[in-house]
Amino acid sequence: MLRTSRRINIRSGGRVWQVVREQYLRDDIACQSPLCFEGCAAGAGPTLPRHATCYLVPTDQVVRHFLDVLQLPEITGIVFTQTALGQVSGPAGKQVQRRVRNIIKTAEKESVFFANEFSSGAWTKQKSDETFAEWQLRLQYDAAVWYYRHLGGQVAVVVLCGDAGFAHRFGHRQPGVFVQTTDQYLAGFWPNLRAARDILDSVQAMLDSAGAESEGCGGSAGSTDYLPAAALQSGLSSGHMVRGHLTVNKHQPQMEAFVRSASAGARRDASLSDVLVQGAADRNRAVHGDEVVAGEPVPTGRVVGVLLRGWGEYVATLQLDEEQEGGGGGSSRAGWHLVVPFDRRVPKIRIQTRQADTLKTQRFVVRIDSWPVSSRYPQGHFVRVLGPIGDLETEIQVILTQNDISPRPFSQAVLSEMPSAADWSPLPAEVARRRDLRDTHLVFSVDPPGCEDVDDTMSVRRLPSGRLEVGVHIADVTQFVAAGSATDQEARRRGTTVYLADRRFDMLPAVLSGDLCSLLGGRDRYAVSVIWELDPDSFQVHGVWYGRSLIRSRYKMFYEAAQRLVDGTPPVRLVSDVPEWRGLDAETLQQRYRELRDALATLTRLTHHLRHGRQQEGALELESSEVQFEFDEGGANRIQPKQALEIHETVAEMMIFANHWVAQKIAQTFPQRALLRRHGAARPDQWEPLQRCAATKGWTVRVGSNRQVADSLDACVDPHDPLVNTLLRLLATRAMVNAEYFSTGSATPEDWGHYGLALDRYTHFTSPIRRYADVIVHRLLLAAVAAEGSIEQPAGGATEQFSDSELQEVADHLNDRNRAAQHCQMDSQVLFQTMYFVRRPADDPGNFVDAMIFSLRENGFLVHIPAYALRGPVYLQQKDGQVAWVGDEKVSWESESRVQWLNGDVIQNDSDVTVRTELGEQVYRLLDHVTVHIRVLESSAHAHQLRFDLITNEPYWASFREAALASAGDRSARQLVQEVTASQAARPAEQEQETPDELWSARGTSLYAVLQRHRQRSRDLKLAPATHRS
């Protein structure tokens, strides 16, 4: 081992300090190539390809500017040197380094990091006649030469550079080591790789224009240079500046953004943690997602420095009216074009491309490269085309790209590890060491219809002692996915299965997720079980067993069938939904029916007890706004909110029970490196929308603890309007912070709890097929049991031992992937909700719905639409200042509403919004019902939006009833409407959120039918005046 020293001059405080840095050179830095004669590539981690035309060593210029080319799947065998990455610095450099790490972690890329500055064979001192920049370039070339000689010339090495002069000087120094520009490399090795050429042309054009970057841009009004690092540090230390991430308001992207302090905690006042940045000028070239420093708000802040660029891939479309932008026409003629990002929070970006005519109808991906202080727009480059605007597959790709999810096919390395499902059966050795439950336990699953990846099953039986034995049995994924294998690394990279409205992207290959790991009915399967012994009356736990098991699920049920079974539906009416009963004689059918129903009834009683216990501790019962879609060839043809069933709560509570007990076990055994899941309390200001809504009914929502919140929500019940409590629980859900994974060594035990579930320990154990966190937890649990000597660890499922810091890094990654998957799911729901209304004519009766006000704005209010689980703004004031006035006189339902636009004012108060005109005042209060019309605002640059237009200031059914009465014109019709109204009021509460489609197709005469019957007559009648809210 050699030691060298370097003297560096650092200027600080007006003085020059000389610092001596020692550098230790080693001769054991691995090449990570399987071609190595010395075997220094042995060990875990990424390796270079064995069969390759050449290895690539990109210089810092290429890494900085052409990383999109290096990310293409066709280009592999890349050696990223320490010197190259060290030269890529600054706010944008950290983003580049993160992308390089992702390339190295991708097994298919077969690329590595080489610490050349610590290698005694690759590092040399700076020569007396070399500048620092020249020395750094030579070090990168010397690293390539070292590779070629170290591997005995078995493979050529190509140094990719951005300087033709450097290529000319070094190109012939060492035979077998070639120095080429990126252009030369692509022309020689990849002449037909169009994607690479498109990227190269766009980036090169951006670089060539660096000297004239402001030409045709008009300048960036109000932009200034960022403060130096010393000034930023001083401002942060003194408290006069705030450090945080810039968050742009998607509803007002041109005007409003916030910088939330990175040090702001849940208990800190929001006014001290959020800095309002008003207008694009004060953003000072910062982009949504950047980590910035903002000046002290007086009254608003200004970005004075960028610490880390959050630039990623942006989906965009070509702006077709560039001549209307200042200077845009000249830029366009020079090959420059403005593109409009799909995300409204991101500014327009200038790129150069020769494909403008082709891109006019396409969505494509761009990246930002720089934003000079003199430029009105950031400059970037083209990356790839996604597809035609409006095409379903294109819009799905938009959702995935926006959320940084790339569901590529599984690599050959992963697929080669997969067992064959055709002839699979449990190994005798596995049968011998597992607890065999196949013939002794009634094991069954309850899942959504069509579910293929069955993670969890349950069992119930009565013991000879009279006690109950209840079990949760989870797919043993670790039996098939060894720690550190290619499959394990890919599952960790993906983090979770991504579910969209019409498809899913699996975390594991289909042979595992849909077959060998899936706990399908009638199949022998490996499982990891938690089995409790309980008192049959008090449900007190007398013992618990953890371990590997072998199960055979007897029933694969879906929720609706299980609920009907619990409700007592006769077995003959369930045979079609329970295929395991088909062909049974009457006596056997009755016996199986009683057995399964008793088991479900027992679990229902147990989970009632468990849930009541958590509720006593403050567990929150919240609501979600998920919907279900039905599809035909044209897309979504029906939307309905997901119906809550008692069996949903039964299954969920059993999974919570298992997750809690496993969390206790692994936290006890590994107090410094267990993977748990925690959920903190919401910030006090996040409760304000909920509290304001409740206050309009005279209720007080206390938020001092989860128990106070739960009790308050239970008390907020309007017997005349059950939707009120549902909406308040939705608002409580929106106030919550996201739960997150963490390593126990990174937090004190007091911070391990789960606020929403009211549990002191919680983790994810029950879904290892679709969540990588559960795979880690399985390994921890089995290691904990093995430590007690209860089981023998198999070689294939060896536990991966993380340190606390390593586990926390994995937890952060899984949190990021989990958030991305959730955003994808929500974006997918919005996409299909929008497409549903695109297919319907504007005057379709289903577009007129009831809406409930839950938030107020200075120009209107926000509503929740229960029929379609939608929420959004209703505007009472237009941009020209006119306001919405609901008149007394109605016109026919299908033509227009009662709203007139008049001169006036909109006044926002604490609990209401008042419209004031010369005709008087109309008041809209929180939790009021109104009727709105849903229509689609189409856009080629952004996502289509649903617009909610006010129809009347009355509830939907009240308006509908008045229209029917007015158009009927005789007593018989009036009686008919009253009868239908009475029948609607008599419906069970759980049906009150049915969609209009369901209501119109219900048995008996509907209000819609009444209107249809009298539609012709209503055109000739003047509708009776209606009483409006005042």
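**Helix packing and positive-phi residues**

Glu-110 sits in the loop that joins helix 4 (90–105) to strand 5 (112–114); helices (H or I, at least four residues) and strands (E, at least two) are DSSP runs, numbered from the N terminus. This is a predicted model in which local features need pLDDT of at least 70 and side-chain atom pairs count only at pLDDT 80 or more, while totals for chains, interfaces and linings use all residues. Residues are numbered from 1 along each chain as its sequence is written, and side-chain values use heavy atoms, with hydrogens and water left out.

**Positive phi**

- Most residues other than glycine have a negative phi.
- Glu-110 is not a glycine, yet has a positive phi of about 45°.
- Glu-110 is partly exposed, with a relative accessible area of 30% (buried means under 20%, exposed over 50%, partly exposed in between; 1.4 Å probe, protein chains only).
- Asn-284, also a residue other than glycine, has a positive phi near 55°.
- Asn-284 lies in the loop between helix 11 (279–283) and strand 11 (291–295), and is buried at 1% relative accessibility.

**Helix 14 against helix 26**

- Helix 14 (residues 392–402) packs with helix 26 (residues 804–838) at an angle of about 150°, and their axes are 9 Å apart (axes are lines fitted to C-alpha atoms, for helices over the stretch in contact, and angles run from 0 to 180 degrees between N-to-C directions).
- That angle makes helix 14 roughly antiparallel to helix 26 (under 35 degrees is roughly parallel, over 145 roughly antiparallel, 65 to 115 roughly perpendicular and the rest oblique).
- The crossing of the two helices is right-handed, meaning that the near helix is turned clockwise from the far one by less than a right angle.
- From helix 14, Leu-392, Glu-395, Ile-396, Ile-399 and Leu-400 meet Cys-824, Asp-827, Ser-828, Leu-831, Phe-832 and Met-835 of helix 26 (contact means heavy atoms within 4.5 Å).
- The contact residues of helix 14 with helix 26 divide into eight nonpolar, one polar and two charged.

- Leu-690, Cys-693 and Ala-694 are buried in helix 22 (residues 688–695).
- These buried residues fall within an arc of 95° seen down the axis, so they line one face of helix 22 (the arc is that of the directions from the helix axis to the C-beta atoms).
- Their cover includes helix 23 (706–715), helix 24 (723–735) and strand 31 (848–857).
- In helix 23, the buried residues are Asn-706, Val-709, Ala-710, Ser-712 and Leu-713.
- They cover an arc of only 165° around the axis, which puts them on the same side of helix 23.
- The buried residues of helix 23 pack against helix 22 and helix 24.

Methods
Ala, Val, Leu, Ile, Met, Phe, Trp, Tyr, Cys and Pro count as nonpolar, Asp, Glu, Lys and Arg as charged, and the others, Gly among them, as polar.
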